[in-house]
Amino acid sequence: MESIPERAPDETMTYRRCGASGLLLPRIALGLWHNFGDTRADDTKRATVLRAVELGIAHFDLANNYGPPPGSAERAFGRILADDLAGRRDELVISTKAGFEMWSGPYGDHGSRKHLLASLDQSLTRLGIDYVDVFYHHRPDPETPLEETMTALADAVRRGKALYVGVSNYGPEETRRAAAILDRLGVPLTVHQPRYSMFDRTPERGLFDVLDEIRTGAMVYSPLAQGLLTDRYLDGTVPTDSRAATSRFLDADVIDEDYLERARALAEIARSRGQSLAQLALAWVLHRPQVTGAIVGASSVRQLEQNVAALEASELTEEETERIEAQAVHGTGTRRG
Ligand code: NDP
């Protein structure tokens, strides 16, 4: 059996156009939801971002509330941009989002024009940049007219504070309506950010069809199910520095016999391809034609290296996808961030 590739050569990255747009995005992007807050070492954050850039990961995904505390991931990334990547802004695609609780009172959350445009200004200040490449509405807000939310996104583009807009966690019908409103405003819905992995198949139930129809790309998040689709927990223990031990978003109770049986069976399929479980999980989401790229998290440079090395593997065969289908399962006790 081949050994599992742990390190990707710098030229491994490939790029795909996002929906009908001209924007090329890397097939693996780095997300800063976890691992970039004030609780993490500056050296690790810096080393991870700089290695990502060397590996061709040109796209970094943030949100107003990433931390902890909220806002600290944007501040940390802004410091790295200023100190280590000065003069390289045009090589990078930086996204941020608004729509989850960020500050107290009626304007710190949801989908109003007031929240979105104020939050974007705050994000730009924390990041120390004049514009983001993609500005997302982070989750649907049933209380605010969709017209208002989409007009705020379009105005962010008109004001030069964002180049493209996206929505995240929107269902199929909300996405279709959002795209129609944006079309009328002359700003296309370039990208959707749904959760998608071998363990969470929700986008297959309608969303991918809509994305095909409206020609919007998908940058999928938590493709490793927050670490459940890696070797992190395969021996049945929960490492003290792991997300299941340290984050309220991943419950250690999900590491049960049922999970272990399925994850180990998937790891076996991965091994037969000369891959780690994480690499198989990435190859699997990237195999879907609607998926522009996968946004991974990484708590170390080593994890990032291993993930990018997933791109070196051969395409999944039909027989392999059928074997995966038999093992993967819905619902894992994970929460959205
Ligand atoms: P993943 O599913 O990629 O999980 C990342 C975690 O998996 C890491 O922190 C690490 O866990 C573990 N891991 C990663 N690679 C390896 C490896 N090679 N070997 C072993 N373990 C590994 O994604 P996230 O859940 O972190 O989400 C990624 C990004 O998606 C976020 O940063 C954010 O940008 C975006 N996102 C968007 C949301 C939205 O609502 N729009 C919601 C959630 C995420 P450990 O820390 O235990 O080492």
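Reader: Why does V220 count as buried?
Author: This is a predicted model, so the answer rests on computed positions. A residue is buried if 20 or more other C-beta atoms lie within 10 Å of its own. V220 passes that cut-off because its C-beta neighbours inside 10 Å number 24.

Reader: Where is V220 found, and with what is V220 in contact beyond its neighbours within four places in sequence?
Author: V220 belongs to strand β9, residues 217–221. Leaving aside neighbours within four places in sequence, its contacts are P194, Y196, V285, V291, A294 and I295.

Reader: How many Å separate the C-alpha atoms of V220 and P239?
Author: Along the chain, V220 and P239 are 19 residues apart. Between their C-alpha atoms the separation is 26 Å.

Reader: Why do the buried residues of α6 line one face of the helix?
Author: The buried residues in α6 (residues 207–214) are L207, F208, V210 and L211. An α-helix has 3.6 residues a turn, so residues three or four places apart point the same way. Seen down the axis of α6, the buried residues line one face because they fall within an arc of 160°.

Reader: Which residues are exposed on the other side of α6, and what covers its buried residues?
Author: On the other side of α6, D212 and E213 are exposed. The cover over the buried residues of α6 includes α5, β8 and β9.

Reader: Which residue follows α6, and what is its phi near?
Author: R215 follows α6. The phi of R215 is positive, near 60°.

Reader: Why is strand β5 largely enclosed by the rest of the structure?
Author: V93, S95 and K97 point one way from β5, while I94, T96 and A98 point the other way. In a regular strand the side chains alternate between the two faces of the sheet. Strand β5 is largely enclosed because its buried residues are six of the six.

Reader: What are the bridge partners that link F60 to β5 and K97 to β6?
Author: Strand β4 (residues 59–61) pairs with β5 in the parallel sense over three bridges. Four bridges join β5 to β6, and these also run parallel. In β6, six of the six residues are buried. F60 has I94 as its bridge partner in β5, and K97 stands opposite Y136 in β6.

Reader: Which element gives the largest share of the shell around the ligand?
Author: The ligand is surrounded by 33 residues, and the closest are G31, W33, Y221, L224 and G297. By class, the shell has 10 nonpolar, 18 polar and five charged residues. The elements giving two or more residues to the shell are β10 and α10. The largest share, three residues, comes from α10.

Notes:
Residues are numbered from 1 along each chain as its sequence is written. This is a predicted model: local features need pLDDT of at least 70, side-chain atom pairs count only at pLDDT 80 or more; totals for chains, interfaces and linings use all residues. A residue is buried if 20 or more other C-beta atoms lie within 10 Å of its own, exposed if 12 or fewer, and partly exposed in between; C-beta atoms are placed from the backbone. Two residues are in contact if their C-beta atoms, placed from the backbone, lie within 7 Å. A residue is near a molecule or strand if its C-beta atom, placed from the backbone, lies within 6 Å of it. Ala, Val, Leu, Ile, Met, Phe, Trp, Tyr, Cys and Pro count as nonpolar, Asp, Glu, Lys and Arg as charged, and the others, Gly among them, as polar. The arc is that of the directions from the helix axis to the C-beta atoms. Two strands pair if DSSP finds at least two bridges between them.
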